[in-house]
Amino acid sequence: MKTALTLIVAITSQALGNVYLTKAMKAITSTGSGTNDFVSTAMHTASNPMVWLGTALLLVFFLLYSAALSWADLSFVLPATAFGYVLNVAAGHYFLNEAVSPARWAGSVVITMGVILVSRSSARTIKAEGELFK
Amino acid sequence: MITALMIAIVVLGGSGGDVFITKGMKQIGEISTVHPRRLAGIAIRVITNKHFLTGIFFMACSFFAFLAVLSWADLSFVLPATSLSFVITTLGAKFILKEKISRVRLAGTLLVCLGVALISLP
């Protein structure tokens, strides 16, 4: 339960983070005349709040992913977080109006089946060596 | 040839990074608290853990190799190739971390690998 909750919040943050970063970067490169200028693009990027929000959400993903690895198997967490690819495809389609090819939808279905199978196995087959932080 | 070598660095760096990060986190112990002060203490242990830092170094190598290979190869070729990392990481988890990979988990991981390859095609 703890593992499922942690990973669901993690992959939702990751998908949202990617959406914000994409939105911000597309907005930065579509405005202004100096888009070929590396320095001005970098300045625009660093001063865009959506870039920071997206980056913060990706950091939340990495923190929760590492936390899950403190108690759960890597061979469980890694394929389980692959469901994030499906969320990314869905978010790209619904929030960013990206065209999604049939092969991508098929891939999403195959990943979902794989994640369902993985989630039916026990999340931990080895014990953490360190202490239990309660 | 150089493309294959770079993709190998991308895949092995990512998988090696995950294995080291897991080793470090398991060494530190199970995090079962949301208390800010406790979490701050754990964070200090994490960023000073040698295995964790080695994992971050491997991941950085993987990321820079990824950027480098994208400067001459197509993303639609590189990205499906990196889906191999799911299988390589699972092998690392089995043989280095001694995790037990059941048949159902293996089958699920292979499906995920196939699905990620499909998603990354153009």
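1. The side chains of A:K2 and B:E30 form a salt bridge in this predicted model, with an N to O distance of 2.8 Å. A:K2 belongs to helix α1 (residues 2-30) of chain A and B:E30 to strand β1 of chain B, so this pair joins two chains. The two partners may be compared by accessibility. A:K2 has a relative accessibility of 29% and therefore counts as partly exposed. B:E30, at 15%, falls under the 20% limit and so counts as buried.

2. B:E30 has a further charged partner. A salt bridge links B:E30 with A:R124, the closest N and O atoms lying 3.0 Å apart. This pair also crosses between chains, running from strand β1 of chain B to the loop between α6 (102-119) and β1 of chain A, where A:R124 is placed. With a relative accessible area of 41%, A:R124 is partly exposed. A:K2, A:R124 and B:E30 are accordingly linked in a network of salt bridges. In general terms, side chains of opposite charge can pair when their charged atoms come close.

3. Another salt bridge is formed by B:R105 and A:D73, whose closest N and O atoms are 3.0 Å apart. B:R105 is in helix α6 of chain B, whereas A:D73 is in the loop between α3 (49-69) and α4 (74-81) of chain A, so this pair too joins two chains. Both B:R105 and A:D73 are buried.

4. How many salt bridges does a search of the whole structure find? Over all chains, the search returns three. The count between chain B and chain A is also three.

5. Strand β1 of chain A (residues 131-133) pairs with β1(B) in the parallel sense, over three bridges. Within β1(B), B:E30 is the bridge partner of A:L132.

6. The extent of the interface may be stated next. In contact across it are 41 residues of chain B and 44 residues of chain A. The two chains bury about 3800 Å² between them, and 65% of that area is on carbon and sulfur atoms. On the side of chain B, the residues that lose the most area to chain A are B:K26, B:E30 and B:I119, which together account for 21% of what that side buries. The size of an interface is often given as the accessible area lost when the parts come together.

7. Polar contacts were also counted. Across the interface of chain B and chain A, 20 residue pairs are in polar contact, with both residues at pLDDT 80 or more. Which elements of chain B give two or more residues to the side that touches chain A? They are α1 (2-28), β1 (29-31), α2 (36-47), α3 (50-70), α5 (85-95) and α6 (103-120). The largest share, 12 residues, comes from α6(B), the helix that also holds B:R105. By residue class, this side of chain B comprises 21 nonpolar, 11 polar and nine charged residues.

8. Within chain B, B:S85 deserves a separate remark. B:S85 is located in helix α5 of chain B. Is B:S85 buried or exposed? Its relative accessibility is 19%, and since buried means under 20%, B:S85 counts as buried. When neighbours within four places in sequence are left aside, B:S85 is in contact with B:V11 and B:S15.

9. Two backbone angles should be noted. Most residues other than glycine have a negative phi. For A:N97, however, phi is positive, near 55 degrees. A:N97 is found in the loop between α5 (83-94) and α6 of chain A, and with a relative accessible area of 67% this residue is exposed.

10. The other angle is that of B:K98, a residue other than glycine with a positive phi near 60 degrees. B:K98 is placed in the loop between α5 and α6 of chain B. At 54% relative accessibility, B:K98 counts as exposed.

Methods
Residues are numbered from 1 along each chain as its sequence is written. Chains are lettered from A and ligands numbered from 1 in the order in which they are written. This is a predicted model: local features need pLDDT of at least 70, side-chain atom pairs count only at pLDDT 80 or more; totals for chains, interfaces and linings use all residues. Side-chain values use heavy atoms; hydrogens and water are left out. Contact means heavy atoms within 4.5 Å. Buried area is the accessible area (1.4 Å probe) that two parts lose on being put together, summed over both. A salt bridge is a side-chain nitrogen of Lys or Arg within 4 Å of a carboxyl oxygen of Asp or Glu. A polar contact is a pair of N or O atoms within 3.5 Å; within protein, one must be able to donate a hydrogen and the other to accept it, and residues adjacent in sequence count only if both atoms are side-chain atoms. Helices (H or I, at least four residues) and strands (E, at least two) are DSSP runs, numbered from the N terminus. Ala, Val, Leu, Ile, Met, Phe, Trp, Tyr, Cys and Pro count as nonpolar, Asp, Glu, Lys and Arg as charged, and the others, Gly among them, as polar. Two strands pair if DSSP finds at least two bridges between them. Buried means under 20% relative accessible area, exposed over 50%, partly exposed in between (1.4 Å probe, protein chains only).
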